[in-house]
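Please look at the sequence and the model before reading on.

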Amino acid sequence: MKLLAIDCAASLCAACVYDAGAGKELGREVRDLGKGHAEHLMAVIETALQAGGVGYPDLNAVAVSIGPGSFTGLRVGVSAARGLALALKIPAIGVTTLEALAAEAANAFPGRAVLAALDASREEIHAALYDKALVETYGPSVAALSEAVTMAIGADAVLVGTAAPQIAKAAGRAFETGPVAATADIATYAKLALAKEPGEKPKPLYLRGADAKPQAGFILPRQDRGNDS
């Protein structure tokens with residue numbers, strides 16, 4: 001079974017082809033774009049396929065990071081994954097950035113609870129807590145910094161994600177820490193997707209609304225025209 005994994009959740013635009021039977025990655029392409037995922041994603045996918053000597057018809061499934069992460073990036077990645085799945089008649093499988101980061105921390109610190117935490121600004125954190133067996137026990141959810149600190153201390157958790165230093169500083173103590181990153185390695189998404197049963201079509205995981213909201217003060221009141229029309 002050959003699976004294509006896509007990640008546009010953060011600044012990276014990444015894709016890899018993973019061979020489940022051989023248990024290895026065949027090819028990858030990763031570009032640190034910041035923005036502009038929509039313009040580059042298909043080229044990134046095609047480069048990964050070429051590196052792995054694989055064509056679209058050879059794919060058996062497609063995995064995609066569903067967030068939390070960049071609003072635009074998540075839409076781009078999920079739309080591409082669903083489009084490819086539809087065209088190729090293969091399943092699309094969603095993997096959250098938090099579970100992917102937690103898996104990397106668990107590999108480095110086996111047998112430990114993991115708190116995956118991403119800085120969501122406004123003194124808020126996108127967080128998920130996993131027990132020693134990497135079973136999700138909290139989240140994904142928006143948590144206050146104080147809540148994240150309480151969880152980290154209570155579970156004696158390994159910290160992973162961009163909010164890890166922030167949590168450690170607020171707790172006033174050191175924690176063992178996995179990657180301080182906004183997303184995981186692209187191969188991690190592939191491996192996690194292979195362990196999942198295909199279910200509903202993936203959709204972006206938005207834990208709170210977009211920052212850009214309509215400005216109510218500029219909305220003109222609706223005029224009742226009665227029967228004038």
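Asp185 is partly exposed, with a relative accessible area of 32%; here buried means under 20% relative accessible area, exposed over 50%, and partly exposed in between, with a 1.4 Å probe and protein chains only. This is a predicted model, in which local features need pLDDT of at least 70 and side-chain atom pairs count only at pLDDT 80 or more, while totals for chains, interfaces and linings use all residues. Residues are numbered from 1 along each chain as its sequence is written, and side-chain values use heavy atoms, with hydrogens and water left out.

The side chain of Asp185 meets that of Arg28 in a salt bridge of 2.8 Å, N to O, the term standing for a side-chain nitrogen of Lys or Arg within 4 Å of a carboxyl oxygen of Asp or Glu. Because Arg28 lies in strand β3 (residues 24-32) and Asp185 in the loop between α5 (164-171) and α6 (186-194), the pair ties together parts that are 157 residues apart in sequence. Helices (H or I, at least four residues) and strands (E, at least two) are DSSP runs, numbered from the N terminus. Arg28 also forms a salt bridge with Glu25, at 2.7 Å from N to O; Arg28 is partly exposed at 32% relative accessible area, and Glu25 is partly exposed at 27%.

## A network of charged side chains

By the same rule the count comes to seven salt bridges. One of them joins Glu176 to Arg112, with the closest N and O atoms 2.2 Å apart. Glu176 lies in the loop between α5 and α6 and Arg112 in the loop between α3 (97-108) and β6 (114-119), so this pair ties together parts that are 64 residues apart in sequence. Glu176 is partly exposed, at 39% relative accessibility. Salt bridges that share partners join Arg112, Asp156, Arg173 and Glu176 into one network.

## The four-stranded sheet

An open sheet of four strands has the order β8-β7-β6-β9, with mixed pairing, where two strands pair if DSSP finds at least two bridges between them. Since β8 (136-144) and β9 (158-160) stand at the edges, each with a single partner strand, one side of each is left without a neighbour in the sheet. Within the sheet, β6 and β7 (residues 124-130) run antiparallel and are joined by six bridges, and Leu118 stands opposite His126 in β7.

Helix α3 packs on the sheet and touches β6, β7, β8 and β9, its direction making about 130° with that of β6; contact means heavy atoms within 4.5 Å. Axes are lines fitted to C-alpha atoms, for helices over the stretch in contact, and angles run from 0 to 180 degrees between N-to-C directions. Helix α4 (residues 145-155) also packs on the sheet, touching β6, β7, β8 and β9, and its direction makes about 150° with that of β8.

## Helix α5

The buried residues of α5 are Ala164, Ile167 and Ala168. They fall within an arc of 95° when seen down the axis of α5, so they line one face of the helix; the arc is that of the directions from the helix axis to the C-beta atoms. These buried residues of α5 pack against β6, β7, α4 and β9. After α5 comes Gly172, whose phi is positive, near 70°.
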